[in-house]
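Me: I have a structure open and want to learn how to read it. Where do I start?
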Amino acid sequence: MSTRIAFLKGHGTENDFVIVPDPENAIDLPPAAVAALCDRRAGIGGDGLLHVVRSAAHPEAEDMAAEAEWFMDYRNGDGSVAEMCGNGVRVFARYLQHAGLVTEGDLAVATRGGVKSVHLSKEGDVTVGMGSARLPEGEVTVSVGERSWPARNVNMGNPHAVAFVADLAHAGDLFVPPPVGPASAYPDGVNVEFVVDRGPRHVALRVHERGSGETRSCGTGACAVAVAAARRDGADPTVTGLPATYVVDVPGGRLVITERPDGEIEMTGPAVIVATGEIESGWLETLAR
């Protein structure tokens, strides 16, 4: 192994990521190493880590290699593995463009949540085809202190509980996961979104992402919120036959979410590479032991 390992730092609506290019899947990144890299005081700092690997070189993505050359091996900030990250996909695509591996236009990215279609526009925004939402049956409740709210269970390849509230301050500090019940609804944990209305088809959210705490943005969460809002508002595209577009304000910016009558969801927003550097491999190796 070389004495240093290249990394980049990027963000999508201030949901920020450490990016580790590793086309041949040669770098060992156990949970402790990922958590250390994402540490904002002792590491580089990020809500998560984007491990950039060729699909053919990763056992979890080999069967997607014919559709997508690149696999987003996404990890949460605590080192745990996640199925998908909507903002992460946009930043992942921006990295590929930054590295000269793709150009403006369409590309496919393999994720644990399936192959995602991405469009890099000339204007700078990145659009991701997020697939369709699943809406598991059953009542779900989110609590903070003495308050509780009914929530919509939405799965975007990863699980979400969406609660509409009167004031985003009611979400509390979001340092720890808000209690969600019943526990059986989310056996592997859940991302929790608190949502307020800003205007017609315009909402704002705060989110606690499992494994990361409160983040400045959550792409799959914004999609889940738009899906839940459309059902609440009687604008379900699968019923009306018309696309539903919602503007979703997150603490780090703004995303535009469109759900089509066929159920497919598209998310559009910015993605930025802000820095490049090198990791001391000796430091990383001590964490991998």
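Predicted model: local features only at pLDDT ≥ 70, side-chain atom pairs only at ≥ 80, totals over all residues.

Me: What span should the 13 residues of H2 have, and how far apart are its end C-alpha atoms?
Reply: At 1.5 Å a residue, H2 should span 18 Å. The end C-alpha atoms of H2 are 19 Å apart, which agrees.

Me: Is H2 enclosed or open, and how many of its residues are buried?
Reply: Buried means under 20% relative accessible area. In H2, 11 of the 13 residues are buried, so the helix is largely enclosed by the rest of the structure. Among the buried residues of H2 are Val89, Val91, Phe92 and Leu96. Arg90 and Arg94 are on that list too.

Me: What comes just after H2?
Reply: Gly100 does, with a positive phi of about 75 degrees.

Me: Now rings. How is a pair of aromatic rings described?
Reply: By the distance of the centres and the angle of the planes. Planes over 60 degrees apart count as edge-to-face.

Me: How many aromatic pairs are there?
Reply: The count comes to two. One is Phe17 with Tyr74, at 6.0 Å centre to centre and 75 degrees between the planes, an edge-to-face pair. This pair links distant parts of the chain: Phe17 is in strand S2 and Tyr74 is in strand S4, 57 residues apart. Phe17 and Tyr74 are both buried.

Me: And why is the pair of Trp149 and Phe194 edge-to-face?
Reply: Their planes are at 80 degrees, so the pair of Trp149 and Phe194 is edge-to-face. The ring centres are 5.8 Å apart. Here too, distant parts of the chain are linked: Trp149 lies in strand S9 and Phe194 in strand S12, 45 residues apart. Both Trp149 and Phe194 are buried.

Me: What sits over the ring of Phe164?
Reply: The charged end of Arg232 does, 4.3 Å from the ring centre.

Me: Next, open spaces. What is the volume of the largest pocket, and which residues lie nearest its centre?
Reply: The volume is about 230 Å³. The largest pocket has 15 lining residues, and Ala151, Arg152, Asn153, Val162 and Ala228 lie nearest its centre. S9 gives the most, with four residues.

Me: How do the lining residues of the largest pocket divide?
Reply: Into eight nonpolar, two polar and five charged. Now take the second largest pocket, with a volume of about 180 Å³. Its lining divides into one nonpolar, four polar and five charged residues. Among the residues that line it are Asp39, Arg40, Arg41, Asp47 and Asp78.

Me: How many cavities of 30 Å³ or more are there?
Reply: A probe inside a cavity cannot get out. The count here is one cavity of 30 Å³ or more. The largest cavity has a volume of about 80 Å³. Its lining has 14 residues, with Asn76, Met84, Asn158, Asn191 and Glu209 nearest the centre. S4 and H3 each supply at least two residues of this lining. The lining of the largest cavity divides into five nonpolar, seven polar and two charged residues.

Me: Last, loops. Where is Pro200, and is it buried or exposed?
Reply: Pro200 is in the loop between S12 and strand S13. Exposed means over 50% relative accessible area. Pro200 has 81%, so it is exposed. Pro200 and Asp233 are 33 residues apart in sequence and 9.7 Å apart in space, C-alpha to C-alpha.

Me: And Gly79, is it buried or exposed?
Reply: Gly79 is found in the loop between S4 and helix H2. At 2% relative accessibility, Gly79 counts as buried. Gly79 and Asp188 are 109 residues apart in sequence and 15 Å apart in space, C-alpha to C-alpha.

How values were computed. Residues numbered from 1 in each chain as written. Heavy atoms only, no water. Phe/Tyr/Trp six-rings, centres within 6.5 Å; stacked < 30°, edge-to-face > 60°. Buried < 20%, exposed > 50% of the residue type's maximum accessible area, 1.4 Å probe, protein only. Lys NZ or Arg CZ within 6 Å of the ring centre and 35° of its normal. 1 Å grid on protein atoms, 1.4 Å probe; cavity = no way out; pocket = protein on both sides within 12 Å on 5 of 7 lines; lining within 4 Å. Points joined across faces, edges and corners; volume = space filled by probe spheres on them. Nonpolar A, V, L, I, M, F, W, Y, C, P; charged D, E, K, R; others polar. Expected span 1.5 Å × (residues − 1).
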